[in-house]
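User: I am new to this one. Please show it to me, and then I will ask how you reach each label.
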Amino acid sequence: MDHFEGELARMMRDSQEHTPFGPQHQRRLRSGVRARHRARVAQRAVGSALAVAGLGLGLLLLPHDTVETRPQAPLPRPATSPAPSSSATRTPDGSPTEPSMPPPTGTADATAGGGGTPSHTPTAPVEGSGATTDVPTTPGTSTRVPSNPDSSVTTPPPTSEATLSPPPTP
Amino acid sequence: MEQGRAEGFDGFVAARWSALFHLARLLVGGDRHRAEDLLQEALVKLWFVWPRIAEEAPEAYVRKVLARAAARSARRRWWGERPVEQLPDLPDTGDVSAAVAERSRLEAALAQLPPRQRAAVVLRYYQDLPEKQVAAVLGCPVGTARSHASRGVARLRKILADVIEPVG
């Protein structure tokens, strides 16, 4: 610290004058503390309200997210139906669907010329009729697969099936 | 408990008001009203942290708040401070004491410094803080604080050349 810096420090210290802490200073300080306290309380209240609003909004939007994450496609069905009844191959709304296993050859509706939709090929699931195909496995179990599993809902007479969808000819 | 807090706080403020007010006045370059506003603002902040730092270093906390607020408020130019080549009108020294004249000259010279240089000079030479603490108070690296202080002193050396005669 050179001479100038020493003199500068001395001037700063010597220029201090005694200033008492008067009642007007105290009143002003108290009012400043109260104002700042009110501001902090208001700030905290606004923050809490915003937090609650955000939480409520988040909870409101949460169920929509779970709906969107549910699988939309139907569950995969077994390759072979466990029972000869056709209920396993129907969707819950009753609309007919094709089984996941390849249809047996030689069935009545495999090559239906009337269109690809199953509603145009009403077949009967009556056992022993010509509409069913026996898979050469153990009889009496689930080996008998109906050619068209939706037939329990729409039960047209099995005789009309032969005329509607003739068997495929090689 | 609130009563004890208020008593301790009031005791500290009453004991240190004069010194803190002088520090604030130097930090703002002599503006008495601005210094009082700055000190009130710092003491209000101190009230809310008083239970935590009452036993530690409340004056250091006030010093830090004062220095940083002075630098910020000066950047906003609340009182339109402009550096000038010539010193502003000084009071006649005939009817006032030499101490008042010297203080006025010092404050006028400090008012010409940029706020961060002024804060660094005041903290370094009035508060007698080492450079590391000056940097901590101002919230800047040590090299920056050293640069602010040295540039401020160099400028004051020119401004106060006729007041403080060089030795030798």
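Analyst: This is a predicted model. In chain B, residues 24 or more positions apart account for 65% of the contacts with a separation of 6 or more.

User: What makes two residues count as being in contact?

Analyst: Their heavy atoms lie within 4.5 Å. Take H5(B) and H7(B). B:Arg116, B:Gln117 and B:Tyr125 are among the residues of H5(B) that meet H7(B). On the H7(B) side, the residues include B:His148, B:Gly152 and B:Leu156.

User: Why are H5(B) and H7(B) called roughly perpendicular?

Analyst: The axes of H5 (residues 115-126) and H7 (residues 142-159) of chain B cross at roughly 95°. Angles from 65 to 115 degrees count as roughly perpendicular. The crossing falls in that range, so H5(B) and H7(B) are roughly perpendicular to each other. Their axes come within 8 Å.

User: Which pattern does chain B follow along the sequence?

Analyst: The pattern is α-α-α-α-α-α-α. Chain B has 7 helices and 0 strands.

User: How much of chain B counts as buried, and what does that word require?

Analyst: Of its 168 residues, 49% count as buried. Each of those has under 20% relative accessible area. The accessible surface of chain B comes to about 8,500 Å², and carbon and sulfur atoms hold 50% of that.

User: Now chain A. How do you know whether A:Leu59 is buried or exposed?

Analyst: Its relative accessible area is 57%. Exposed means over 50%, so A:Leu59 is exposed. A:Leu59 sits in helix H2 (residues 23-68) of chain A.

User: Which residues make the nonpolar surface patch with A:Leu59?

Analyst: A:Leu55 and A:Leu62 make it together with A:Leu59. The patch covers about 330 Å².

How values were computed. Residues are numbered from 1 along each chain as its sequence is written. Chains are lettered from A and ligands numbered from 1 in the order in which they are written. This is a predicted model: local features need pLDDT of at least 70, side-chain atom pairs count only at pLDDT 80 or more; totals for chains, interfaces and linings use all residues. Side-chain values use heavy atoms; hydrogens and water are left out. Patches are made of residues with over 30% relative accessible area and no salt bridge: like charges are joined within 9 Å, nonpolar side chains (Val, Leu, Ile, Met, Phe, Trp, Tyr) within 5 Å. Accessible areas come from the Shrake-Rupley method with a 1.4 Å probe; for residues, only the protein chains shown count as cover. A salt bridge is a side-chain nitrogen of Lys or Arg within 4 Å of a carboxyl oxygen of Asp or Glu. Helices (H or I, at least four residues) and strands (E, at least two) are DSSP runs, numbered from the N terminus. Buried means under 20% relative accessible area, exposed over 50%, partly exposed in between (1.4 Å probe, protein chains only). Axes are lines fitted to C-alpha atoms, for helices over the stretch in contact, and angles run from 0 to 180 degrees between N-to-C directions. Angles under 35 degrees count as roughly parallel, over 145 as roughly antiparallel, 65 to 115 as roughly perpendicular and the rest as oblique.
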